[in-house]
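Have a look at the model first, then we'll walk through some pairs together.

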Amino acid sequence: MTKLSICIPTYNQGVYLNKCLDPLISQSVPPYEIVVSENHSTDDTKNILYKYSNEIRIVHPPTHLSMIENYQFCAEHADGDWLIFMTSDDIAEKNYVYDILKGIKERPNSILFRGWHSEINSNGDFLRKVPSLRMPYLANPRDAFIEQFDGPKCFFEATAFLKTAWEKAGGFNTKLKLYGDWALWIALSHVGSFARIEKYLTKYRIWERYDRGINRIKPHLEDSIIIFKEMIFPKAQEYGSDVTSIARKKGKKFGYETLLWINNNANHMVIRDNIKIIQEFCDLLDIRMNVKKLLDGHYAPPKSYLLRSNLKRLLKKNIIKCFY
């Protein structure tokens with residue numbers, strides 16, 4: 001019997017917990033367990049969770065943790081063979097668990113299964129269906145690794161992974177502030193194959209707050225530097241010159257997209273305050289940056305790296321929770 005643990009790290013999201021937990025508890029096929037790591041919230045999260053105490057398992061870190069540390073803590077306390085993470089503002093579809101278990105049964109040699117999701121806004125209104133992040137039906141370790149070069153290619157709340165593979169990959173990288181999921185997909189790609197579940201598994205909540213995007217510029221750059229410097233470029237060299245070339249090319253594309261995002265959303269003061277980390281990011285990805293143009297809001301990448309229309313649309317709307 002496959003034991004699927006649904007892991008929910010939460011902090012101060014009491015307003016959304018009912019909408020997250022109710023669909024999980026009423027699944028067409030129940031999960032093995034629902035584990036919620038309550039990270040010392042200061043809102044009414046604890047009181048809300050108490051109402052579900054007979055249907056979920058609540059764990060408490062000894063002290064308040066960073067977001068990625070809380071992911072790690074929650075995973076360590078899950079007893080299932082397979083883990084899937086949900087943020088506490090997202091919503092599972094009715095057959096969420098059934099579709100995941102069906103995929104695992106059909107392709108038992110894969111260590112990760114990823115499905116599709118729909119996007120909703122902060123009020124829960126439907127925005128769009130997102131059927132793919134260029135996910136192949138089945139990706140071997142090399143291909144799964146290459147996929148991740150220009151950003152994560154798994155939807156966090158719609159991706160299940162084998163716990164023993166997670167342990168072999170070293171768990172979550174707790175040095176990171178935002179992109180623990182991206183780093184995990186990279187690490188897991190070296191352990192086994194990724195498979196696709198052709199189902200919409202969740203509703204993913206998109207935040208459209210301008211200030212939140214601006215506040216994420218520095219941690220985005222810091223995490224990206226760690227991921228490329230410590231995880232992508234060194235491993236790509238082990239695969240050989242062809243994969244190294246792909247990593248450099250896709251890394252540069254990722255860098256240009258990031259600079260354009262900063263140019264379109266940050267004011268002069270924010271860019272000036274982060275110019276040192278921006279320059280380090282550009283140096284790592286071998287990108288030439290005109291500081292004056294960026295400060296003046298007139299930066300543009302080379303024509304060969306112009307963004308696709310869909311990404312332009314997301315940037316224009318300041319959708320910052322998942323912008324690549």
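## A buried glutamate and its partner

Glu257 counts as buried, at 10% relative accessibility. Here buried means under 20% relative accessible area, exposed means over 50%, and partly exposed is in between (1.4 Å probe, protein chains only). Its partner is Lys253: the two form a salt bridge, with the closest N and O atoms 2.6 Å apart. (A salt bridge is a side-chain nitrogen of Lys or Arg within 4 Å of a carboxyl oxygen of Asp or Glu.) Lys253 is partly exposed, at 27% relative accessibility.

Where do Glu257 and Lys253 lie? Both are in helix H10 (residues 241-265), four residues apart, which is about one turn of the helix. Helices (H or I, at least four residues) are DSSP runs, numbered from the N terminus.

## About the model

This is a predicted model, where local features need pLDDT of at least 70 and side-chain atom pairs count only at pLDDT 80 or more, while totals for chains, interfaces and linings use all residues. Residues are numbered from 1 along each chain as its sequence is written, and side-chain values use heavy atoms, leaving out hydrogens and water.

How many salt bridges does the structure hold? There are 19. One of them links Glu106 and Arg107, with the closest N and O atoms 3.8 Å apart. Glu106 is partly exposed at 46%, whereas Arg107 is buried at 13%.

Arg272 pairs with Asp273 in another salt bridge, at 3.6 Å between the closest N and O atoms. Arg272 is partly exposed at 46%, and Asp273 is exposed at 54%. Elsewhere, salt bridges with shared partners join Asp150, Lys153, Lys253 and Glu257 into one network.

Notes
Helix = DSSP H or I, 4+ residues; strand = E, 2+ residues; numbered from the N terminus.
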